[in-house]
Amino acid sequence: LFLPTCSGLSSATRHTKLHRTSTWTPSSMALLSLLLANFATGGDALALSSRTPNDPFQVAARPVDSVVREETISARVRQTVAAMERDESYLAQLVGCFSMAVDSSNKSAQDEAARAGAIDAIARAMDLFPESVELVTTCTYILSTIVLFNRANGLQAGRLGCLNRTLHTYMTHMDSPQAMSLGGAIGAYFDYVDENRAIARELGGIRAIIQNIKNNFHGQYSEWDYDSVKQSLFALSSGCWTNQDVCAEEGFPALAARLMAEHGGETKIAEETLQVAKALIDGSEEYRQQLVDAGVTDSMVHVMDASKHDQGAVDLACETFQKLVGPSVQYSGQARAFSPSIQAAALKSGALRPVMAVFTEGTEMRQHEHGAFNFDVDSAYNARRDCFAALAALVHDNAHTKRTMLDAGFMDIVSADLKNPRTAPDERAAGCRVMVEMSSAATTGPQSLLAEALNCK
């Protein structure tokens, strides 16, 4: 019996639609293993990105795809789509999904795969076998390479019901490590697509993702399951935007402080947690204060000590300090006023020392797991820029902090950065903010300080 796909159906209709069941046999398993090995070693081969082998959602095309013409990608995908249309068997759909991965750092490749029908074919495969954890998981991983940081593709996937299928699998198999590894792929649906964040909210997906963290961090399934928690944070770092109230209701401010206090030195834990913290600060003044009351400034100082070589963690810590203390304009357009009490809390936690150390110690930093992103990660994670901004907030109207920085000769560092022709414009602007904030101390410091501050203005 042929059943129509869910394309064009409402979310409620998709939930009640009949579906096929999968049939696994030893021969089909062997054939699948052979095909997957072939894909992994040649032709349109697949390789993991900078994520660890336990993070398969970032599966990306081998470097050869970065030089192959887009029409080659189109031909591969069209051939696969046609094969999936001819053969609706479980194995054909599973292998078809697997063979459509692209290099997610290449937006042209993503768009070409979408034009060739990849997203429609993946949606149809999920419709045919919605109760198969293996198929929905695999198809979701591959789909994430096509929709990551790509609004048009993410919107199409959401409209075709792919997110509904993924969340159904996730929420009905929360004791399954395979399903719980979907967090990062779920996060790919959310990037730039508020509509998909709304779907997750309606279906309870945001609460389920937070529950997975609780289950695996001093929880019913584990005291600490690094990968399950990390994957959930990948989802929340994008999913909590527009869903800040849900994240706050589920206790994320306190959870954030605890996660970073206990595991802030582990790759991606602090960076992704702080992305959620930024969303909460953007959400309301109340959530901003909840983070501070939970002790997040202590945890952030710990992160800067424990992860001083991690550019993403350091950058996010500095950016979050600036947004916590203020003044700042949030992504939503709302302003957060300068808070003397939050500044005092940050300084009491010892924030000034590690933020200054970013410039004074010259610690070499590197980025982790940003290789699949299709934007300029050096600009996005410019730790010097965001740590200058944090310092401007920490010294604002604070004579003692200004004196500490003057005595340390810090302004020579700022001045050198401003004069360096290679300094990025936004980094120079952040350095100027520090110079302007410090200018009130110029009467007791170097006389050139005031002049440089005036030039910055």
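Buried means under 20% relative accessible area, exposed over 50%, and partly exposed in between (1.4 Å probe, protein chains only). This is a predicted model, where local features need pLDDT of at least 70, side-chain atom pairs count only at pLDDT 80 or more, and totals for chains, interfaces and linings use all residues. Residues are numbered from 1 along each chain as its sequence is written, and side-chain values use heavy atoms, leaving out hydrogens and water.

**Stop one: rings**

Select F149 and F373. Both are buried. Rings of Phe, Tyr and Trp (its six-membered ring) pair if their centres lie within 6.5 Å; planes under 30 degrees apart are stacked, over 60 edge-to-face, the rest tilted. The structure has 6 aromatic pairs by that rule. F149 and F373 make an edge-to-face pair, 5.0 Å centre to centre with 75 degrees between the planes.

**Stop two: disulfides**

A disulfide is a pair of cysteine sulfur atoms within 2.5 Å. There are 3 disulfides to find.

- Select C97 and C139. Their S to S distance is 2.1 Å. The link is right-handed, with 90 degrees about the S-S bond. Both cysteines, C97 and C139, are buried.
- Go to C240 and C247. Their sulfur atoms sit 1.9 Å apart. The S-S torsion of C240 and C247 is about -90 degrees, so this disulfide is left-handed. C240 and C247 are both buried.
- Finish at C318 and C387, joined at S to S 2.0 Å. Their link is right-handed, at 85 degrees about the S-S bond. C318 is buried at 0% relative accessible area. C387 is buried, with 0% as well.
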